[in-house]
Amino acid sequence: MEIFDEFVKTIAMLRGENGCPWDIKQTHESLKECLVEETGEVIEAIDKKDDENLCEELGDVLLQVVMHAQIAAEEGRFTIEDVIRGVNEKMIRRHPHVFGDAKVESVEEGLSLWEQIKKQEKEGK
């Protein structure tokens, strides 16, 4: 994870006091179009079975995630660690057939279990 931590620091520097004017100016709202565009480019690379481009485009989507988390951290709302912790906890919670005692025999049963847990989580909020 050393390289990931280095990347997070790079983004913080880009948005820092002596950073890049464009990066500093960005907000969640101003980056929405970029996120849509980068996601579309990932899909296009998948469709073309272009691994080299897919690798690059996934990096661009990761940039979007880290940039949004950095903006939120600067505003005191949440951090990239919160994002990672949250998705990790969700994956563990929604896969009790892997991390717990539940049993599933098919993809369909796994998806059904996922949806049941997701519905329970939404109702509990």
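## A salt-bridge network at Arg93, Arg94 and Glu121

In this predicted model, a network of salt bridges links Arg93, Arg94 and Glu121. Glu121 belongs to helix H7 (residues 107-124) whereas Arg93 belongs to helix H5 (residues 80-93), so the pair ties together parts that are 28 residues apart in sequence.

The two partners fall into separate accessibility classes: Glu121 counts as buried, at 17% relative accessibility, because the cut-off for buried is under 20%, while Arg93, at 42%, counts as partly exposed.

## The contact between Glu74 and Arg15

A search of the whole structure finds seven salt bridges, and one of them joins the side chains of Glu74 and Arg15 at 2.6 Å, N to O. Since Glu74 lies in helix H4 (residues 51-74) and Arg15 in the loop between helix H1 (2-14) and helix H2 (21-25), this pair ties together parts that are 59 residues apart in sequence.

Here the arginine, Arg15, counts as buried with a relative accessibility of 10%, whereas Glu74 is partly exposed, with a relative accessible area of 40%.

## The contact between Glu44 and Lys48

Glu44 and Lys48 also form a salt bridge, in which the closest N and O atoms are 3.1 Å apart. Glu44 counts as partly exposed at 42% relative accessibility, and Lys48, with a relative accessible area of 58%, is exposed, because that class begins over 50%.

Definitions and conventions: Residues are numbered from 1 along each chain as its sequence is written. This is a predicted model: local features need pLDDT of at least 70, side-chain atom pairs count only at pLDDT 80 or more; totals for chains, interfaces and linings use all residues. Side-chain values use heavy atoms; hydrogens and water are left out. A salt bridge is a side-chain nitrogen of Lys or Arg within 4 Å of a carboxyl oxygen of Asp or Glu. Helices (H or I, at least four residues) and strands (E, at least two) are DSSP runs, numbered from the N terminus. Buried means under 20% relative accessible area, exposed over 50%, partly exposed in between (1.4 Å probe, protein chains only).
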